[in-house]
Structures are given as C-alpha cells and as structure tokens.
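Me: I'd like to go through this model with you, a few questions at a time. Can you take me through it once it's up?

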Amino acid sequence: MYRTHTCGELRETHLQQTVTVAGWVQKTRNKGFMIWVDLRDRYGVTQLIFDEQRTPEAVMQKAASLGREFVVQATGTVIERESKNPNLPTGNIEILVSELTILNPSLVPPFTIEEKTDGGEDLRMKYRYLDIRRNPVRESLIFRHRVTMEVRKYLSDQGFIDVETPYLIKSTPEGARDFVVPSRMNPGQFYALPQSPQTFKQLLMVGGMDKYFQIVKCFRDEDLRADRQPEFTQIDCEMAFVEQEDILQVFEGMTRHLLKELKGIEIDTFPRMTYDEAMQKYGNDKPDIRFGMEFGELNEVTKHRGFKVFDEADLVVGIAVPNGNSFTRKEIDGLIDWVKRPQIGAMGMVYVRCHEDGSYKSSVDKFYTEEDLVQWAEKTGAKAGDLICVLSGATGKVRTQLSALRMELAQRLGLRKGDEFAPLWVVDFPLLEWDEESQRFHAMHHPFTSPKPEQIELLKTNPGAVKANAYDLVINGNEIGGGSIRIHDREVQQKMFDYLGFTPEEAKAQFGFLMEAFQYGAPPHGGLAFGLDRLVAILGGQETIRDFIAFPKNNSGRDVMIDAPAPINNTQLEELYLRVEVPQKENE
Ligand code: ASP
C-alpha cells in the first residue's frame with residue numbers, strides 16, 4: 001500500500017495514529033535541527049515534520065535532500081501542530097516522520113506550482129501536466145467532471161440514451177471548414193471530422209431511439225477567435241415526437257438542475273424573448289439581462305429638427321447609463337473615443353446629462369429643447385443622475401455598436417456579476433441569413449431547421465422574413481447552445497436545399513443518405529446542443545474556457561505541449577498517396 005491516507009484527510013481525530021502518505025513536495029523549510037515539508041496530492045496539503053531530537057539521522061538527511069516536486073512516501077505519527085494554520089483543513093496536525101522513501105526525484109519545475117504562479121500562459125501550456133497540479137486548474141477540471149456527471153444524471157433520468165456516433169465521417173452542415181483525414185485504404189479519399197453529430201442524431205430518431213444524448217467532441221476548422229477551440233465538446237441531444245415547447249421545457253429543467261446542484265441557485269424566472277425583441281432591446285441575439293440599460297429607439301423624437309446626422313440615420317437609439325451623470329467630461333470623451341475605435345466603428349456619440357434637479361444638458365442643445373430631452377429620457381428609461389448615450393446610423397450596425405457600448409459600460413460599472421445567473425431562451429430566429437460575400441441566403445442555424453410551418457409560403461416572396469422553429473439558450477450574455485425543430489419531410493427538405501443553392505446533385509452527394517432515410521418513416525423531431533466548455537466556464541464564474549479544458553490549444557490551434565500539428569514523414573505520405581506543397585511565405 002502506498003498510503004493509508006490522502007494529504008487532505010488527516011485531522012485531530014487521527015492524533016497519535018501511525019499513517020503513511022504519498023505525494024509531491026510543495027515546499028520545504030530547513031532550519032537544520034528541524035525540517036518542514038508541505039506534501040501535496042489531489043486532496044490537499046499535509047505538513048511533515050522532521051526533528052533532530054525525534055527523527056532518525058538517515059531520515060533527517062534524506063529530508064534535507066528533497067527538492068520541489070519530488071514524489072515521496074512518508075510514514076509517521078500524527079501529532080498536534082504547534083503553530084496551527086486555520087486556512088488549511090489539515091492545519092491543526094502534522095506528521096512526525098519516521099520513514100521516508102523518495103519514489104521519484106524531480107527537475108526544478110519551470111514555474112511555481114502554487115495557487116498563483118509566476119508562469120506565463122505559454123510556459124504553463126507547454127508543461128500543462130505541471131499546471132494541472134495547481135489548485136485552480138485541478139479544481140476547474142474537477143468542476144467540469146461534476147457538471148458532466150449532473151448532465152448525465154439529469155438526461156438519463158429523463159429517459160435519454162447515450163449513443164456514440166462516429167468521428168470518421170463526411171462533411172456535416174454547421175457551416176465551418178472541415179478537418180479532413182486521408183484514407184489509406186481508399187486512396188485519394190478523405191473523411192471529414194464531424195462539426196457536430198447533427199445528421200447522425202437525426203438518423204437515430206429515424207431509428208426510433210426517441211431520446212438521444214452524447215457528450216461529444218466536435219471539430220471546426222475556423223479562424224480562432226479568443227475563447228474558441230478547434231475541437232470542443234457539446235452536450236448533444238435529439239428527441240422525437242416533440243414540439244419546440246417540449247424541448248424548451250426539458251432543457252430549461254436541465255439548466256435549473258445544474259444551477260441548483262452546482263451553484264445552489266434556484267432561478268425564479270426563465271424568460272423567453274423573440275429574436276426580434278432581443279435585437280430591438282439589446283442589439284444582440286444573446287443579451288445579458290442581469291442589468292437594465294435597454295435600448296430606447298428615438299427616431300420619433302429626434303427626426304426633422306435640423307440635425308443632419310440623426311435625420312439621415314435609419315435608426316437613432318440610446319441607452320440610459322445608471323448614475324452616468326457622475327462621469328467627468330474627460331470620461332465621456334473617453335467613451336466617445338471608445339465607440340469611434342475601428343473595432344466598434346461608430347461615427348460619434350451624442351449624450352445627455354440628466355441632472356439631479358431634473359434638468360437636462362445635451363451635446364446637441366443647438367437642435368433639441370429640454371422638452372425633447374424629456375422624451376428621450378422617457379424612451380430610454382433615464383432617471384435623474386443618469387447619462388443617456390445615443391448612437392445613430394444603419395439599423396444593424398448601430399445596434400451592434402450600442403450593444404458593445406452597453407456591455408462595456410456594464411463591465412466598467414461592475415454590473416456583470418460573476419455570481420448572478422440570468423438564463424433565457426431566445427426564440428423565433430430567422431430561418432435564413434443574407435450573405436454579402438456570396439450574395440445569397442444561408443441557413444442561419446443549419447439546413448435541416450424547419451421554417452415556421454405557417455410561413456413556408458413566404459419563402460417564395462420574402463425569404464428573409466421567414467422565421468424558424470429555432471432557439472438559443474443564453475446565460476449572462478453568452479450563447480450556451482441552440483437547436484431547432486427539424487424538417488422531417490423529404491419534399492420540404494429538398495425544397496430547402498434548393499433555396500440554399502444546393503444543386504440536386506450536390507444535395508444528393510452530401511446528404512443523400514438523410515434524404516433516403518426520410519423516405520422510411522422519419523418521425524417529427526428536434527433537438528439542440530450546448531457548448532460544454534463555455535457552460536462549465538460560466539457556471540464556474542470564469543470567462544475563459546481554456547481553464548476548464550485539460551489540454552487546450554493555443555490561439556493558432558497548436559498544442560504546444562506535444563507540438564502538434566506537425567509534418568508527417570515521407571513513408572506516411574506515400575502510404576496515403578499524398579504530396580505536400582506548402583507555398584513559400586513572402587519574405588522567406
Ligand atoms: N448541431 C447543432 C449545432 O452544433 C445543434 C442542433 O441543432 O442540435 O449547433
């Protein structure tokens with residue numbers, strides 16, 4: 001037996017017992033006649049003590065030779081600690097060591113393995129196995145485990161069956177680039193890694209599985225934005241014989257379950273908002289509703305007063321910043337510069353100070369009277385002491401800009417609290433989305449999403465206005481996941497492919513198997529997928545998903561620990577009938 005107890009286990013109730021523990025040396029303090037060692041394992045830290053008077057000479061010498069991260073096994077007696085450490089669960093005791101075995105020495109680690117480390121991100125990723133020894137990383141991984149266990153428990157209790165689907169498949173319809181894998185046995189042919197198990201889970205419904213789930217890796221070869229990984233994990237689900245409402249109920253239940261079990265939080269309201277309403281009130285299809293600052297549209301009360309900027313704009317829209325009148329002129333100028341940065345792209349910002357005495361002062365006093373400003377305040381919900389910020393321009397753009405400003409201000413004002421959770425469903429997404437580049441409509445969710453049945457005819461005349469039975473779960477301004485009711489009728493699916501510009505041949509080559517399956521009695525079905533990495537990060541109160549992934553990739557999609565991706569050797573290339581030609585980069 002390597003140990004009788006873990007390093008997190010011993011208390012005063014164990015006093016005088018002979019115990020054996022094993023772990024890593026976190027820290028040593030050597031006073032010559034006395035040596036203390038903090039021994040760490042997954043469960044905690046226990047102090048070992050070696051004392052000239054009571055410890056055998058040979059053991060004393062071995063203790064003096066210990067370095068950081070040595071792996072040791074120590075046997076001794078649990079004794080009361082003279083100076084207790086109330087911050088440590090084992091802080092009242094220590095082990096007076098009589099036997100010490102060095103199980104494995106260690107090189108000096110390249111960064112300190114403590115709560116707070118001196119190691120930068122790159123170094124920590126290169127030695128991720130050392131990083132994982134640190135409390136915060138270990139805790140995050142354990143937290144992820146707890147989330148997945150609760151997810152499995154909830155879904156299994158609801159009758160969902162965990163079914164694995166293959167990774168070596170062909171292109172799936174999520175609209176990203178595929179990662180491909182050459183097939184040695186089928187020269188010149190390639191598998192694609194799944195962007196999601198979408199088609200398979202639909203086939204499982206045709207197969208009569210009724211309720212499916214899987215915690216599954218998905219692969220999308222997209223340009224990496226912050227907090228996106230080329231491989232990520234979904235909680236993927238599908239149900240047969242359901243309407244949208246059934247699905248929303250089940251997964252609202254799951255969200256409530258997770259918040260209760262993992263955070264001890266019971267959510268009162270779980271609002272639903274249409275996509276149109278979200279865009280109008282928050283300029284965003286994933287609104288953070290933990291704080292107000294809802295948009296007030298001001299077209300009615302700003303037009304035709306001679307202020308050209310507003311007159312020429314499609315939309316004039318503002319938000320009331322709580323207590324924003326306390327901002328100095330310099331701070332407001334800073335905000336104006338902030339919205340004018342290329343990343344935001346506003347032309348400028350008009351503002352109104354709402355003074356405590358009920359009077360108003362705007363940056364466009366030349367054009368608007370105090371009575372006008374009273375109306376602006378009404379429409380934005382501004383109170384005395386607030387600041388109204390107004391942007392104008394083309395509707396879509398200006399909403400995005402004001403949404404960014406709203407989030408930035410909420411962040412600065414401390415309104416985005418890590419321990420508050422506000423989930424909501426955004427429903428009735430548009431079916432299609434206009435793509436400027438290709439000058440055509442694309443499926444906003446994916447091509448299997450069902451239009452609202454009553455709007456199918458509208459597809460012919462005004463496709464952009466057709467709404468889908470599609471929904472997203474949003475928590476605290478983050479899209480946690482989404483799904484839809486699917487098309488289960490072959491004819492409708494065929495039509496949908498037509499609208500999306502697939503030729504019949506393309507549709508057949510890519511999704512023929514699904515179309516064929518639909519001829520053999522496909523039940524009405526629908527589902528969704530949640531991004532597990534993000535869900536865990538948000539429940540864990542963090543913004544970055546990397547902390548919750550054991551071995552994440554960096555911003556260029558590299559695993560710097562194992563150094564992947566990497567070239568493969570010529571034999572491998574030959575076996576795969578591949579020839580590699582990498583264009584020389586300029587200036588090389
Ligand atoms: N396959 C979809 C996605 O990955 C989710 C769904 O529609 O169920 O976003």
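Me: How many disulfides does the count come to?
Reply: A disulfide is a covalent bond between the sulfur atoms of two cysteines. The rule here asks for a pair of cysteine sulfur atoms within 2.5 Å. By that rule, the count is zero.

Me: Which cysteine has the sulfur nearest to Cys237?
Reply: Cys237 is in no disulfide. It counts as buried (under 20% relative accessible area, with over 50% being exposed and partly exposed in between, using a 1.4 Å probe and protein chains only), because its relative accessibility is 1%. The nearest cysteine sulfur sits 12 Å away, and it belongs to Cys218.

Me: And how far is the nearest cysteine sulfur from Cys389?
Reply: Cys389 is buried too, at 0% relative accessibility. Cys389 is in no disulfide either, and the nearest cysteine sulfur, from Cys354, is at 9.8 Å.

Me: Before we go on, what kind of model is this?
Reply: Residues are numbered from 1 along each chain as its sequence is written, and side-chain values use heavy atoms, leaving out hydrogens and water. Local features need pLDDT of at least 70, side-chain atom pairs count only at pLDDT 80 or more, and totals for chains, interfaces and linings use all residues, since this is a model that is predicted.

Me: Which residues come nearest to the ligand?
Reply: Being near means having a heavy atom within 4 Å. The shell divides into two nonpolar, eight polar and four charged residues, where Ala, Val, Leu, Ile, Met, Phe, Trp, Tyr, Cys and Pro are nonpolar, Asp, Glu, Lys and Arg charged, and the others, Gly among them, polar. Of the 14 residues around the ligand, those that come nearest are Glu174, Gln198, Lys201, His445 and Arg486.

Me: How much of the accessible area of the ligand does the protein cover?
Reply: A polar side-chain atom of Gln198 is 2.6 Å from a ligand nitrogen, and a side-chain N or O atom of Lys201 is 2.6 Å from a ligand oxygen. On its own the ligand has 270 Å² of accessible area (Shrake-Rupley, 1.4 Å probe). The protein covers 92%.

Me: Which element gives the largest share of the shell around the ligand?
Reply: The elements that give two or more residues are α5 (198–206), β21 (478–485) and β22 (525–531). The largest share is three residues, and it comes from β22.

Me: Is Asp41 buried or exposed?
Reply: Asp41 is found in strand β2 (residues 34–41). Leaving out residues up to four places away in sequence, Asp41 touches (heavy atoms within 4.5 Å) several residues, among them Arg3, Trp24 and Arg138. A polar atom of the Asp41 side chain is 2.8 Å from the backbone nitrogen of Tyr43. The relative accessible area of Asp41 is 5%, so Asp41 is buried.

Me: What separates the C-alpha atoms of Pro109 and Leu130?
Reply: Pro109 is in the loop between β5 (93–104) and α2 (121–126). Neighbours within four places in sequence aside, Pro109 is in contact with Arg68, Glu69 and Leu130. Pro109 and Leu130 are 21 residues apart along the chain, and their C-alpha atoms are separated by 7.8 Å.

Note on methods:
Polar contact = N/O pair within 3.5 Å; in protein donor to acceptor, adjacent residues only side chain to side chain. Helix = DSSP H or I, 4+ residues; strand = E, 2+ residues; numbered from the N terminus.
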